[in-house]
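Below is a brief report on how two chains meet and where open space remains. Start with the contact between the chains.

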Amino acid sequence: MLTQTKDTEERIWTLMIWSSVGLISLGFLWILGDLLWHGWTQLNWNFLFSSPKNSGREGGIGPILISTSLIIGVCMIIAWPIGLGTAIFLAEYTQDHHRFGRLIRGSLDVLAGVPSIVFGLFGNALFCQALGLGFSILSGGLTLACMVLPMLIRTTEESFRAITSDQRLAATALGFSRSTTIWCILLPAAMPGLLAGSILGLGRAIAETAALIFTSGYVDRMPESLLDSGRSLSIHIYDLAMNVAGGNPNAYATAIVLVSLLIIINLTASWIADQWTTSNQLPT
Amino acid sequence: MDNIQPAPHLTKTEAQLPGIQTWLPYQSTEACCEPVAHIRARDLSICYAKHLALQRVNLVINKGCITALVGPSGCGKTSFLMSINRLTDLIPRCTVTGQLQINEFDVLTPSTDLLHLRRQVGMIFQKPTLFPFSIKKNLELPIREHGKHARKTWATLIETTLQQVGLWDEVKDRLDQPAQALSGGQQQRLCLARAMVLAPEILILDEPCSALDPISSGIVEDLIVSLRGQYTVIIVTHNLAQARRIADDVAIFWAIDGIGQLIEHGPARTIFESPQHELTSAYITGARG
Ligand SMILES: Nc1ncnc2c1ncn2[C@@H]1O[C@H](COP(=O)(O)OP(=O)(O)O)[C@@H](O)[C@H]1O
Ligand SMILES: [Mg+2]
């Protein structure tokens, strides 16, 4: 009797787990399939490198790829050092229950949940208007940096906290200064976590639309400097799908490029993290 | 472990008793014959928040000797060690009061140069604490941080230190491999080498053998014995037989009503042959602890 109920229970559990896994994979495959189905015919090298024509109905996405990389570049160049610095401060220089650290951590957690459109409005008010940068790649990148920072800081901080205190003790006992301990001992150990955080941030930044509409603008010409307006991939998709009649095929093709980029970034990051761990530690 | 061994440095001939011959034969050095105080603790107390972990320890540790701290868990041995190189500073709300001197140098004053102090006092922990880098880099990091040696002399310094800990022949072909791939005993010896490249005067070892198998433990023990005379060694051990084999002086710690104290200390022979305190005699005969 007992074993039978156990058996049925076990089966129901297995079924539930497998069906949720199936559902998730199905959803992902569906989206991917849909994109490929509608956009595949548009895709070729020319599409990647040429300029959009006729509001994007024809031509390619060359300038848009460039603008996107510049925006992301600005975002990461700004967000990385600030994020790392703050994370080190939170993890190594404030005690767990200190009021100041708790305040910062709490604010970051709230900020991480703020919708991106709010960051867009904030970026527009601060960078575009108050600082006079106008609709530009620089404004867009800075706004994205503000948006990914909270999450970047928190994941980096966690990876510092995950290092066992043995290493800190050993380093301190050897008479290492605090900066040596952090740079030479803790940072390499925290690296995989830091990478993971950056990738999450990068993914969020690349896929961002709302925060960029108000800051980096719509212009689909090839940017000549960081102060030019530039259109990102996601905005291009949005614009083609919503505002341009007959823009759908190219919107799909652009979406394929965007999704492929996300997948490539993710794979590269986990590869780097793997290399890092195996070259520094024992395979356990 | 059953029959009482004399403290070896006092009577060299008697030390050659049969029994634990494998790692007994060693030479005692001059440094222990005329005791010179190296570390002095006066009324040293250690508090974690409101919990008094160690109360009014008065202890003199002699230069070049091996001093064993023994006693049951939780009686404040680790805390005592960590106050010597002020690792207690890392623990929030831990306060150390009283006086602690190394030579004439006052350890506990706030103005102490901690980095200098910690280079003078090398510490080994129970679990080997190598950094997740290569063997070579583990030794290079402290040398570089210390900043006293020209880069071209590093290789020789690393070689001589590894030879001192008897590791050179075992690792000379794989200095670039991860240090954490070594066996436990090798790791512990590498930790010792890592502390020794800084040329400390004092080595404090917190149960260095307790995570090791008997063979590795014996090798590490031999190594510690070979350091007598060159370094002032303070070793915490749970292994009374080990304390008896290697120590010149022994200090017995005990937690009375949850408060750690030093109940007896003196030359190993005196402690093991004619203990004064009843807890000590109960402890060394195995009746308590
Ligand atoms: N980091 C700490 N925070 C609070 N109490 C501690 C800490 N470390 C040790 N103690 C307390 O101090 C006492 C002595 O501990 P310890 O020095 O580790 O003893 P031993 O090394 O002899 O086992 C114990 O009662 C322990 O609970
Ligand atoms: Mg201990």
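## Salt bridge and polar contacts

In this predicted model, one salt bridge spans the interface of chain B and chain A. Asp166(A) and Lys127(B) form a salt bridge through their side chains, at 3.4 Å from N to O.

## The chain B side

Four elements of chain B each give two or more residues to the side that touches chain A: helix 3, strand 6 (121–124), helix 4 (135–146) and helix 7 (184–196). Helix 4 of chain B has the largest share, with four residues. By class, this side of chain B holds 16 nonpolar, three polar and six charged residues.

## Extent of the interface

Chain B brings 25 residues to the contact, and chain A brings 19 residues. Together the two chains bury about 2000 Å², with 68% of that area on carbon and sulfur atoms. Three residues, Phe131(B), Pro132(B) and Glu145(B), account for 27% of the area chain B buries against chain A, more than any other three.

## The largest pocket

The largest pocket holds about 880 Å³ of space. Its lining counts 28 residues; the closest to the centre are Ala91(A), Glu92(A), Arg168(A), Arg178(A) and Leu90(B).

Which helices supply at least two residues each of this lining? From chain A come helix 3 (62–93), helix 7 (165–173) and helix 8 (178–206), and from chain B comes helix 3 (114–120). The lining divides into 13 nonpolar, eight polar and seven charged residues.

Terms used: Residues numbered from 1 in each chain as written. Chains lettered and ligands numbered in written order. Predicted model: local features only at pLDDT ≥ 70, side-chain atom pairs only at ≥ 80, totals over all residues. Heavy atoms only, no water. 1 Å grid on protein atoms, 1.4 Å probe; cavity = no way out; pocket = protein on both sides within 12 Å on 5 of 7 lines; lining within 4 Å. Points joined across faces, edges and corners; volume = space filled by probe spheres on them. Nonpolar A, V, L, I, M, F, W, Y, C, P; charged D, E, K, R; others polar. Contact = heavy atoms within 4.5 Å. Buried area = accessible area lost by both parts, 1.4 Å probe. Salt bridge = Lys/Arg side-chain N within 4 Å of Asp/Glu carboxyl O.
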